Amino acid sequence: MEKRVIALGFFDGIHLGHQALLRRCVERGQQYGMTPAVLTFDRWPKAGPARLLTTTEERVRIIQTLFPIETVLVAPFDEHMRTMDWRDFMDLLVRDYHAGWLVAGHDFRFGYKGQGDAVKLCQRAAELGLGCDIVPAVSAEGEVVSSTRIRVLLAAGDAAGARRLLGHDLLPPLRGESAPAVRPDAPNRQDGLELMATIADGTIAAAFFDPQYRGVLDKLSYGNEGVSRGRDRSSLPQMTEETITAFLRSLDRVLRPSGHLFLWVDKFHLCEGVRPWLEGTALQMVDLVIWDKERIGMGYRTRRRCEYLLVLQKKPVRAKGCWTSHTIPDVWPERPVKGAHPHAKPVGLQKELILATTRPGDIVLDPAAGSYSVLTACQAAGRTFLGGDIIFGGAEET
């Protein structure tokens with residue numbers, strides 16, 4: 001296996017500082033005949049939440065657009081990785097990722113509780129026979145470039161300043177920049193993450209999220225859907241775990257304290273768990289509603305009749321004053337509308353949940369609207385809808 005020059009980091013935004021590091025990675029690869037590569041993580045690796053500038057897919061795309069780096073390794077930042085000793089992490093770089101040379105930023109930390117730093121990285125690299133470069137901080141207009149600084153500029157509404165520190169124009173509109181007009185109480189054809197980037201923090205009373213799960217589609221071949229319905233579902237854009245996590249972090253940001261998020265899940269995710277998606281958020285599971293479709297679906301083993309709605313609340317968790325109805329059963333019977341969108345959800349149930357968790361004048365958000373059943377439910381409940389879909393929506397569909 002050919003040795004690699006590996007650039008280490010999370011690379012949120014791929015700003016000017018990151019670009020200096022990646023440039024050094026490419027130069028070392030050319031100098032020593034090694035393959036330039038990047039090792040990053042599938043989720044935020046530090047304690048506490050962060051308002052990320054980029055999804056994993058965007059980081060990979062921007063890196064490969066700006067630099068001749070074909071190999072971008074996305075490591076799972078799971079419990080095993082989080083608690084790994086810093087020495088073991090470096091052994092992993094050699095054993096599993098074929099490192100021959102390492103490149104990192106001056107503030108790079110790694111290993112359990114960040115016990116490894118730039119000095120230890122170089123010392124251990126020498127012991128392992130690896131080359132090592134530590135790239136110093138990059139300054140622009142008198143200030144050190146960092147993802148944190150860019151987030152601060154965005155929070156202050158200085159999108160132009162944030163763009164200068166990014167040093168590229170490969171991201172969608174940033175918070176504070178002009179973006180496609182989003183019409184309330186109407187379908188909008190727009191990427192949900194871009195839509196949420198235009199929404200101020202803590203302003204949404206309730207939200208619904210119905211992801212197009214890659215994991216479920218992988219199991220459809222086992223007979224869990226009818227042929228035509230499975231084909232219709234499979235034709236829709238599919239969300240990776242990283243995309244779902246990015247949506248949930250954005251939803252956490254825009255929800256007001258004690259606001260509710262209603263997350264539709266398939267039984268596979270219900271059994272396997274969704275807690276990794278919620279890491280770094282203030283969202284907590286508080287209830288579960290089962291949608292009984294009152295008809296039997298397909299399946300090689302049990303035949304599907306239900307879908308599942310996780311009820312999450314942004315901290316502080318409380319029911320008094322936040323949930324006003326006590327007549328909603330935890331098993332809700334409602335037949336699907338025949339011939340509807342393959343992701344259509346029960347309007348009656350969603351209407352009751354909206355009434356229970358919002359007041360007149362509140363905004364209900366659905367960033368992956370699909371069938372726009374939440375829009376219909378909002379119209380019935382007398383609430384303001386804000387939402388869109390990357391495929392469905394637009395003036396011609398109103």
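**View 1. The salt bridge between Arg253 and Asp201.** In this predicted model, the closest N and O atoms of Arg253 and Asp201 are 2.5 Å apart; a salt bridge is a side-chain nitrogen of Lys or Arg within 4 Å of a carboxyl oxygen of Asp or Glu. The pair links distant parts of the chain, 52 residues apart: Arg253 lies in helix H11 (residues 241-254), and Asp201 in the loop between helix H8 (192-197) and strand E8 (204-209). Helices (H or I, at least four residues) and strands (E, at least two) are DSSP runs, numbered from the N terminus. Arg253 is buried, with a relative accessible area of 11%, whereas Asp201 is partly exposed at 38%. Buried means under 20% relative accessible area, exposed over 50%, and partly exposed in between (1.4 Å probe, protein chains only).

**View 2. The salt bridge between Asp210 and Lys345.** The N to O distance is 2.9 Å. Both Asp210 and Lys345 are buried. Asp210, Lys293, Glu307 and Lys345 are linked in a network of salt bridges.

**View 3. The salt bridge between Arg82 and Glu79.** These side chains meet at 2.7 Å, N to O. Because Arg82 and Glu79 are three residues apart in helix H3 (residues 79-82), about one helical turn separates them. Arg82 is partly exposed, with a relative accessible area of 36%.

**Notes.** Residues are numbered from 1 along each chain as its sequence is written, and side-chain values use heavy atoms, with hydrogens and water left out. Local features need pLDDT of at least 70 and side-chain atom pairs count only at pLDDT 80 or more, while totals for chains, interfaces and linings use all residues.
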